[in-house]
Amino acid sequence: MKGYDNAYIGNCRWVVGILLWCWLPAVAWTTTENTHPADSLSLQALQNKAVAALLRDQPDSSSTYYQQARTLATAQRDFSGLITLVKAYGRVYRDQRNEPEKAIGIFYQGLPDSSLLTPQSAADWEALAGLCVNLAYTLDKAGKFNASVMPYEMALYSYDNHLHEESPYVALYVYRALANVYTRLGEYQAAETLLLRTLKVLGTAPASKNYAAETCSDLGLLYEAWGQPLSAIEKYRAGLLLASPGSVSEAILHANLAKVYYPQGTLEDVTGESVQAILILQQYDPAQSYYDVNLYTSTCFELLARVTSVQGSEEATLTYLDSAYQRLACEYGDENRREFGKFYCRAGEAYLRLGYLAQAQAAFQQALQAVLYGYTPQDLAALPEAAAFYAENTILEALSGMAELYQTAYQQQPVQAFLNLALQCHELIYTSEQALRRDYRYDSSKLFNLEESRERSEKAIGLAYQLHQLTGQASYLYQAFVFAERNRSSLLREAFAADQAAVLAGVSQAELQREKVLQVSVSEAEEMCFHLREEGAAADRIQQAEQEVLKTRDALGRWIATLETKHPRYYQLKYADRVPSLAELQTLLGKKQRLLEYFVGQQALYVFALDKQGLQLHALPLPDNLTQRVIHWRQSIEDYQQAASDHTALLRYYQDEGYQLYLELVAPVVKLTDKPRELLIIPSGILDLLPFDALLTQAVAPGTNLPQYPYLLQQVAVSYSYSASLQWSLAHLPREGAGVLGFAPTFNGQHGWPALSCSAALLGQFTMDAADRICLGQEATITAFQTLAQQYQVLHLATHAQANPDEGDFSFIVFSDGRGGYDSLFAKDLYLLHIAAELVILSACETALGTLYNSEGVISLARAFHYAGARSVLTTLWRINENANCDLMAHFYAALYEGESKTTALHQAKLAYLNDADPRAAHPVYWAGFQLLGNPRPLRTSRPWYAWLGVVVLLLGLGGWRWRKNEIPAPGGRVSWKKMLSLKIPWSKENKT
């Protein structure tokens with residue numbers, strides 16, 4: 001077909017195929033309806049014969065009847081009849097013949113994708129939901145809880161969207177069951193929503209009290225896994241008030257209380273709760289009980305073994321471990337289950353505490369064998385293949401135990417091979433963490449996983465550093481650096497990788513648009529939930545909103561999973577998580593530039609220093625009370641703006657702590673005699689909130705005025721990045737857009753927002769090129785921003801903003817609503833935009849603040865602009881004085897127009913501000929809050945060389961004239977930015993890299 005490409009033809013065929021797929025079943029339905037009025041009796045008869053033959057242990061004849069029944073149901077297009085057949089036949093294999101694998105295969109045959117039938121009526125949807133519950137339950141009991149998510153979610157979809165049923169049955173066997181799977185997978189936010197919904201449906205009816213008590217227990221397990229032990233204890237105790245005395249429900253709660261008490265070190269409470277649970281459970285016959293009596297009893301014996309191992313009682317520990325194993329073996333015959341994996345992990349820990357290293361090693365290997373079916377170690381040093389890993393935290397726990405074991409072995413016998421094995425374990429641990437994170441749908445779950453991995457990363461860095469000291473090999477330093485990088489801004493780097501992966505893997509615009517629609521649905525649901533919580537709405541309204549968030553997130557998660565399955569290369573590129581080589585990173589640095597990457601651990605402070613000469617790693621003592629000191633020092637700076645403050649006391653604290661923090665954080669790794677002109681700092685943890693250039697390089701002499709303080713700013717230019725890998729990615733993104741886009745809503749002091757007097761005027765002075773555009777007053781709307789933002793090289797937002805330290809995604813920038821009021825653009829809304837600006841200037845307060853994570857950094861407006869694609873962001877750490885803001889921005893723009901890099905431009909602007917400021921206005925509160933994040937490259941123009949030559953001649957001529965008139969300050973000073981305006985070189989209107 002001339003004029004049409006293959007993709008167009010393929011799309012046409014795809015559309016026609018879909019239409020035929022939808023039309024033919026309808027035709028078949030109309031032609032077969034009532035054709036065989038007696039066939040329903042035949043179907044029931046065939047089903048009965050199939051089941052009866054199977055119960056008589058005649059699988060061949062049973063299979064014949066079953067296949068005949070399936071053929072008949074398909075011919076009749078009897079969806080409900082087919083589901084009833086499949087469910088009845090599968091349950092015989094599961095319940096009577098104890099063949100769960102066979103049952104799972106049969107249940108799958110009833111799903112729409114397998115049967116080629118789709119539900120049409122409420123009866124069909126009810127049948128499908130029942131089948132999904134049976135399939136999910138069987139998968140869960142068979143230890144395949146990952147696979148159970150899909151059928152549970154399909155059941156949830158059926159009940160919520162087609163049956164609109166919210167009964168105790170649905171609450172227990174769908175909401176609660178799916179929530180417990182989510183807990184195991186680390187999807188804690190989704191699990192909490194479903195469990196709270198379960199409690200609401202169950203209420204306090206007497207018949208539901210034990211179920212409600214067990215749901216409280218599930219919530220406790222969730223909070224325990226979520227790192228909230230006090231909330232877990234509260235839920236367990238609430239459950240005990242509901243549970244019937246002497247019931248299995250009560251025993252489960254006692255067992256879980258014992259488990260949560262163990263990490264707190266209250267061993268007497270662990271023993272008391274465990275014994276109480278065992279006494280109750282011993283009254284029940286496991287064969288006659290619906291509950292996993294043996295499993296909970298095994299857990300209690302295992303806890304007692306852990307207690308006695310801490311106490312050093314070898315005989316009691318071994319006895320309890322044996323009892324725990326026997327109970328587990330009675331419950332499950334096959335050891336290829338995660339329950340055995342968990343048991344062997346705990347046993348390995350107990351053996352390790354007792355000093356039984358060989359037994360501990362064997363236990364950890366058995367834990368891995370329980371969940372990695374292809375892992376068959378030939379010796380005690382054999383580690384599993386990373387390619388076999390999947391989303392299972394037992395793998396991570398077993399490898400963590402093995403790493404600790406090898407380090408213990410090295411302490412007893414200092415052989416380097418033990419340290420190498422421990423480091424190999426940590427490499428595998430990282431792969432296991434990745435597999436878990438890739439299965440998560442909520443960023444909150446990924447963030448929690450990253451925070452949890454922080455301690456493991458610290459151990460890996462320490463191991464690599466120790467091996468470097470032993471061997472002198474530089475490869476170990478790079479390995480340590482890689483561990484630090486992997487634990488830094490992983491989600492932000494993933495977002496950048498996803499954009500590039502979509503292009504390289506050929507993901508279509510239609511597919512990307514579908515994803516964008518689903519993302520908008522999630523964003524709208526989250527915003528509604530946020531507003532309801534802020535307004536203090538009724539609990540049931542908030543819960544409904546949370547359910548909507550869960551529903552939209554599930555839809556988005558399923559779509560992304562489909563996309564990743566359809567485009568394997570997209571999946572591979574998106575999650576590659578490659579750390580650039582040292583040589584690659586060195587190409588980003590000049591001769592006088594140095595990259596400092598901090599890793600604030602629990603035991604030490606690691607600082608990686610990279611320059612053209614190579615990489616160094618400094619293992620420093622962790623400063624005492626670092627978090628509190630940084631917070632108080634920052635506060636001493638911010639409070640200086642308050643008229644009622646004790647300025648003398650604030651200055652004294654600023655001087656003392658500013659110098660001390662410099663000695664602990666910078667002096668050991670940067671010798672100012674080396675004269676690095678620029679520092680690119682990648683902070684960590686609480687250091688994300690530290691203005692490094694306001695640190696003091698020496699003690700302040702009495703009587704020194706603020707402009708003459710020995711600020712680090714006086715020695716070096718400082719810029720920041722979320723990670724070295726992100727900096728590498730930013731450096732290789734092309735420049736896009738042209739000109740400046742400015743937004744300056746009008747503030748008159750009403751609605752809680754102070755008036756801004758000079759911001760709009762500043763924008764007008766620096767945007768005179770034809771490519772520039774300024775939206776003032778009522779024109780400065782969110783709609784205008786969303787429409788225009790992707791077209792410009794520079795975005796300047798001269799407005800107000802507010803950080804949200806509890807929910808960083810809901811930090812916001814203020815725009816006009818176009819009707820005389822104001823509107824808020826949340827950080828999460830920026831994730832949905834494409835903003836490839838070379839520079840975003842957030843001339844507003846607190847734009848670098850938000851929720852602080854040790855691994856990901858600050859979830860802030862600045863990060864959100866990076867997430868949207870911005871190459872660099874000029875942001876603020878606290879509430880900025882507007883006059884200082886305008887003055888400093890004027891110097892910054894002037895330096896940018898001179899062709900300076902963004903880092904140099906900001907550095908010169910701060911120095912010029914200090915040079916011009918009166919003594920009190922030179923305080924760091926007025927200038928140190930400005931930070932540059934990201935790519936520091938200059939804003940180039942596309943003008944030809946002869947145009948630049950003309951500019952140089954003009955500048956030289958003007959400079960000579962001013963020098964004769966004594967209008968230029970002494971060397972080291974600057975030409976006034978107001979005079980420089982007349983020499984402004986318009987920015988390029990062309991898009992050139």
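The secondary structure of the protein chain comes to 38 helices and 16 strands, where helices (H or I, at least four residues) and strands (E, at least two) are DSSP runs numbered from the N terminus. This is a predicted model, in which local features need pLDDT of at least 70 and side-chain atom pairs count only at pLDDT 80 or more, while totals for chains, interfaces and linings use all residues. Residues are numbered from 1 along each chain as its sequence is written, and side-chain values use heavy atoms, with hydrogens and water left out.

Of the 993 residues in the protein chain, 54% are buried; buried means under 20% relative accessible area, exposed means over 50%, and partly exposed lies in between (1.4 Å probe, protein chains only). Among contacts (heavy atoms within 4.5 Å) between residues at least 6 apart in sequence, 71% join residues at least 24 apart.

In soluble globular proteins, nonpolar side chains tend to be buried together. A nonpolar core here is a set of buried Ala, Val, Leu, Ile, Met, Phe, Trp, Tyr and Cys residues joined through side-chain atoms within 4.5 Å. The largest such core has 121 residues, and Phe785, Ile835, Phe865 and Phe892 are among those with the most contacts inside it. Its largest share, nine residues, comes from helix α35, which covers residues 882-897. Apart from this core lies another, of 90 residues, which includes Leu72, Phe79, Ala179 and Leu253. Phenylalanine 865, when residues up to four places away in sequence are not counted, touches Phe785, Leu797, Ile813, Leu830, Ile835, Val840, Leu842, Ala870 and Val873.

Arginine 338 is found in helix α17, residues 338-354, and counts as buried because its relative accessible area is 11%. Leaving aside neighbours within four places in sequence, arginine 338 is in contact with Phe145, Arg184, Val371, Glu392, Asn393 and Thr394.

Tyr137, Tyr169, Tyr173, Tyr211 and Tyr290 make a nonpolar surface patch of about 510 Å². Tyrosine 173, which is found in helix α9 (residues 168-185), is partly exposed because its relative accessible area is 32%.

The cysteines complete the picture. A search of the whole structure finds zero disulfides, a disulfide being a pair of cysteine sulfur atoms within 2.5 Å. Cysteine 132 counts as buried because its relative accessibility is 0%, whereas cysteine 330, with a relative accessible area of 60%, is exposed.

Terms used: Patch = residues over 30% accessible without salt bridge, like charges linked within 9 Å, V, L, I, M, F, W, Y side chains within 5 Å. Areas by Shrake-Rupley, 256 points an atom, 1.4 Å probe, with all protein chains shown as cover. Salt bridge = Lys/Arg side-chain N within 4 Å of Asp/Glu carboxyl O.
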